[in-house]
Amino acid sequence: MKKEIAKLVSKEYNLPTKEVESLIEIPPNDELGDYAFPCFSLAKKLKKSPIEIAEDLTNKLRKNPLEGISNISQAGSYVNFLIDKKILAESVLKEVGKKSWGTLNLENKKIGIEYPGPNTNKALHVGHLRNISIGESLSNISKAIGNKIFHVNIYNDRGILISKSMIAYEKFGKGKTPESEGIKGDKFVGQFYQIFTKEAEKNPQLEEEAMKKLNLWESGDKETINLWKKMNSWAYKGMQETFNTFGLSKIDKNYYESEMYEFGKNIIQDGLKRKIFYKKEDGAIAIDLGKEGLGEKVVLRADGTSIYITQDLYLAEKRINDFKLDSSYYVVGNDQDYHFKVLFKILEKLGIKKDMKHLSYGMVALPSGKMKSRTGTTVYADDLIEDIKNLALRKITERGVKIQKKEIERRALITALAAIKYSLLKIDIKKQIIFDPKEAVSFEGDTGPYLLYSYARASSIIRKVKSKKPVKIVDLKEQEIKLLKKIDIFPKIVQNAQTNLAPNLIANYSFELSKLFNEFYHSCPVMGSMEEGFRLKLVNAFRVTLKKSLDLLGIEVLEEM
RNA sequence: GGUCCUGUAACUCAGCCUGGAUAGAGUGCUAGCCUUCUAAGCUAGAAGUCGCAGGUUCAAAUCCUGCCAGGGCCGCCA
C-alpha cells in the first residue's frame with residue numbers, strides 16, 4: 001500500500017519512487033489517516049510553502065483515486081491517506097491464515113551464536129538468565145528470518161577460580177557431596193569458592209596454595225585432576241538442571257577451556273611471520289593497536305604460554321571452520337567490550353574475520369551495587385525461579401481454579417518463566433538492569449503474565465465460540481482497526497529486531513499487541529454478535545501472531561490460566 | 001588520565017539507528033466498570049526544563065560538539 005502511494009506521489013513531481021517511499025510516515029493519530037506524505041522537502045525544490053504544496057497535491061491526487069484508498073486529505077504541510085479498512089482486514093486474515101507466520105526467508109546465513117559461557121566455580125545467577133534470554137531470543141529471531149543457527153557454548157572450566165574452590169573443598173569439605181548436603185551441585189561448588197574468599201582474607205597463605213593447585217593441575221597431577229573432574233561434574237549437573245528448567249535450547253557444540261587453553265600458538269607464530277605481531281624485549285609477543293585506540297596488547301606470554309586472547313583467537317577460527325559459518329556472534333556482558341574489540345581487530349588483521357559481533361549486554365546489578373559471587377551477594381537463578389513460581393502458585397490457588405496439582409505446578413512455572421524472561425528482554429540489551437528482588441517480578445501491567453493472560457483469553461474464545469457464521473466485514477470498530485493494523489506490521493518488527501539485534505523490539509510489540517487485544521475484548525463481543533464470523537477470525541489472527549511473537553522471546557504460552 | 005555505555009513523569013522503561021504534526025507505556029495515586037467470551041482485565045484523571053549548554057536544520061528527545069552525573073573497561077587474569 002505504501003508503495004502504491006509513493007508511486008502516485010512520485011508521478012506528480014517526477015521523483016524517484018524510492019525517495020518518496022522513504023519519506024512516507026505514519027500519522028501520530030489514526031483519525032488523520034494511515035499514511036502521510038510530508039511536503040517539507042518539496043518546499044525547497046519548488047520554492048513554495050509546504051502548506052501550499054500539500055493543498056495542491058491533495059487536489060491533484062483526488063482526481064484519480066487509487067483502489068484501496070478511501071480518502072485523501074490535507075492537514076497543514078501533510079497529505080494524509082486513509083486506506084480502505086475492509087481491504088486491510090481481508091489482507092491480514094489472508095496473510096495470517098495462510099502460513100501462520102512461518103519463516104520469512106529474508107536471509108540465508110549460517111550463524112554461530114555463543115552463550116551462556118558459564119564458569120564452573122559458581123552457580124548460575126540472574127545475569128546468566130539475562131544472557132540466556134538474549135541468546136535464545138536472538139537465535140529464534142534469526143531463524144524466523146531464514147538463517148541457520150548453530151548454538152555453541154564454552155565452559156570456563158579451569159584456572160585460578162576453580163582452583164580456589166578446590167583448595168576450600170580440600171580444607172573444609174570433609175568429604176561432603178551435593179547429595180549428602182542436599183544442595184544442587186553448582187551451588188555446592190560455588191559455596192566453596194565463597195568459603196575460600198572468606199578464609200583467604202584471614203589467611204593470605206591460601207592464595208599461594210591456590211596458585212600451586214593450578215600448577216599441579218597444569219602438570220597433570222592425578223589427584224588434582226580427579227578432584228577437578230569431580231567438582232566440575234557436580235557443577236555441570238547442577239547447571240544442566242537450571243538450563244532445562246529455564247529452557248536453554250539444544251547446544252550444537254560445547255567447547256571446554258581446559259581442552260584448548262594451550263592452543264592458538266600457531267596462529268600467533270603465523271602472525272609473527274607476517275609481521276602483524278612483534279616480539280617484545282622480554283620475549284612476549286604483542287600487537288600494536290595504538291592506531292585503533294586500543295593500545296598494545298600482549299597475545300602470548302614471555303614464557304611462551306597462552307593467555308585468554310590466544311585461546312579466543314583459536315576458538316574463533318575453529319568455530320568458523322567447524323560449522324562453515326558466515327557469521328559468528330557472542331552473547332557476553334559489556335565488561336568484555338574491550339576484549340572483543342581487540343579480538344575482532346586482530347582477526348581482521350590476520351584475514352580470518354567473518355561477520356563477527358559481540359552482543360554486549362549490560363550487567364544485572366542489585367540496588368546495593370554489583371552482584372558478587374565471591375561474597376555471596378547474588379540472586380541465584382534457581383532461587384529466583386522458585387520464588388516467582390511460588391507467587392504464581394499462590395495466585396492460581398487464590399482464583400480457586402479446580403485443576404490437578406500437577407497442572408497448577410505446570411502453569412505456575414510457565415507463568416514465572418514468562419515473567420522473568422519478559423522482564424529481562426523488554427529492556428534494551430545495552431542497558432544495565434537494576435534488579436530488585438524485593439519487588440520481584442510483578443504480574444500486572446507491562447509483564448509476561450499479562451501477555452499470557454491475553455493469549456489465554458483469546459484461546460478461550462476460540463474454544464467457546466463454535467458457530468460457523470459467514471465472515472462478513474461490515475463496519476469495523478476502532479479497536480478492530482487498531483488490532484488489524486498492529487498484526488499487519490508484525491513481519492516488519494521481526495525484521496527490525498534482526499537488523500538491530502534487539503529482542504526488546506519484539507517484547508514491546510508483544511505488549512502493544514496484547515494491549516490492543518484487551519481493548520478489543522472489552523468493546524467487541526464475539527459470541528452471538530452480528531460480526532461473530534469475522535471477529536472469530538480476528539481473534540485467531542491475534543492469537544497466532546502473539547504466539548509467534550512470544551516464541552521469538554522464548555516464552556511458552558498457556559491455553560488456560 | 002584514555003575509552004565505551006547510560007541519563008525521558010514520583011518509580012521502571014519505550015521512542016533515538018532512519019530528525020517531522022499535541023513526547024508514549026507500565027507501576028504507584030484518584031475516580032469508575034464483573035447476571036454476557038477468564039477483573040493477572042478495561043475506562044477516565046492528575047503527573048515531563050526529554051541531564052546541562054551550544055551547533056546543524058524550515059524542523060532536534062532523535063544528528064554533531066563540549067560539559068555534568070552514574071556504570072563498565074583499559075593485566076604477560078579469565
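Residues are counted from 1 along each chain as its sequence is written, while chains get letters from A and ligands get numbers from 1 in the order in which they are written. Because the model is predicted, local features need pLDDT of at least 70 and side-chain atom pairs count only at pLDDT 80 or more, though totals for chains, interfaces and linings use all residues.

Chain A splits into domain 1 (2–83), domain 2 (110–264 + 306–361), domain 3 (265–305) and domain 4 (381–553), with bounds from an automatic or database domain assignment. Between the C-alpha centres of domain 3 and domain 4 there are 53 Å.

Around RNA strand B sit 75 residues, and Ala36, Phe40, Tyr338, Gly445 and Ser460 come nearest; being near takes a C-beta atom, placed from the backbone, within 6 Å of the strand.

Now for helix H20 (residues 490–499), helices being DSSP runs (H or I) of at least four residues, numbered from the N terminus. Its buried residues are Phe490, Ile493, Val494, Ala497 and Gln498. They sit on the same side of H20, because they cover an arc of only 135 degrees around the axis, taken from the directions from the helix axis to the C-beta atoms. Lys492 and Thr499 are exposed on the face turned away from that side. Buried means 20 or more other C-beta atoms within 10 Å of a residue's own, exposed means 12 or fewer, and partly exposed is in between, with C-beta atoms placed from the backbone. Just after H20, Leu501 has a positive phi of about 50 degrees.

Ser459 belongs to helix H18 (residues 448–464). Ser459 counts as partly exposed because it has 19 C-beta neighbours inside 10 Å.

Note on methods
Helices (H or I, at least four residues) and strands (E, at least two) are DSSP runs, numbered from the N terminus.
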